[in-house]
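Open the model in your viewer and keep the selection tool at hand.

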Amino acid sequence: GAAASDANCVWDSGIGVTYDLEYLQLGASSYHVQDNKNDQWSHNYTYVFNVCGNTWEIPLTRHPNYLACVNTTGSNGDTIYGKPSPAYQIFNMGNLCHRLGSDASHMEWSFYDEYNPAAGVSLRYRGGDPCPASYG
């Protein structure tokens, strides 16, 4: 598989609070989370991701193609070919996949709650496949 990126996984907030998420970064695997909520607003997605690094492998999708995550296209029509990503969204009822970040080096840190730094940190990946404007 593709090696996880060596993105810095320690964030100094600048106000005396430091977060270290290195222990959450997986080396030879990736996290897999299935969204199995069943209501009219949810979709049947699996999220494959790593923390502070790209996924170990580009994930496979279901038949008929299996390789929908290798080359992905956003709503703007731009296609990303064969590059690793820190996170993917796979639609389990079809052969669709979206990159949720362009590369682990494009991380953005912030407080989960800017008024309560003890509440935790938010790690956001930038540069994934663009969504339609209607997705907010």
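Contact here means heavy atoms within 4.5 Å. Keep in mind that this is a predicted model.

**Stop one: a strand residue**

Select Thr72. You are in strand E5, residues 71–73. Is Thr72 buried or exposed? Thr72 counts as buried, because its relative accessibility is 1%, and the cut-off for buried is under 20%. Now show its surroundings. Leaving out residues up to four places away in sequence, Thr72 touches Asp78, Thr79, Ile80, Cys97, His98, Arg99 and Asp129. Pick Asp129 from that list. Its side chain makes a polar contact with the side chain of Thr72, at 2.8 Å.

**Stop two: a loop residue**

Move to Glu22. Look in the loop that runs between strand E2 (18–20) and strand E3 (31–35). Glu22 has 45% relative accessibility, so it counts as partly exposed. Which residues does Glu22 touch, not counting those up to four places away in sequence? They are Cys9 and Val10.

**Stop three: the aromatic rings**

Colour the aromatic side chains. The structure holds seven aromatic pairs. Start with Trp11 and Tyr19, a stacked pair with 6.1 Å centre to centre and 20° between the planes. Stacked applies because planes under 30 degrees apart count as such. Both Trp11 and Tyr19 are buried.

How values were computed
Residues are numbered from 1 along each chain as its sequence is written. This is a predicted model: local features need pLDDT of at least 70, side-chain atom pairs count only at pLDDT 80 or more; totals for chains, interfaces and linings use all residues. Side-chain values use heavy atoms; hydrogens and water are left out. Rings of Phe, Tyr and Trp (its six-membered ring) pair if their centres lie within 6.5 Å; planes under 30 degrees apart count as stacked, over 60 as edge-to-face and the rest as tilted. Buried means under 20% relative accessible area, exposed over 50%, partly exposed in between (1.4 Å probe, protein chains only). Helices (H or I, at least four residues) and strands (E, at least two) are DSSP runs, numbered from the N terminus. A polar contact is a pair of N or O atoms within 3.5 Å; within protein, one must be able to donate a hydrogen and the other to accept it, and residues adjacent in sequence count only if both atoms are side-chain atoms.
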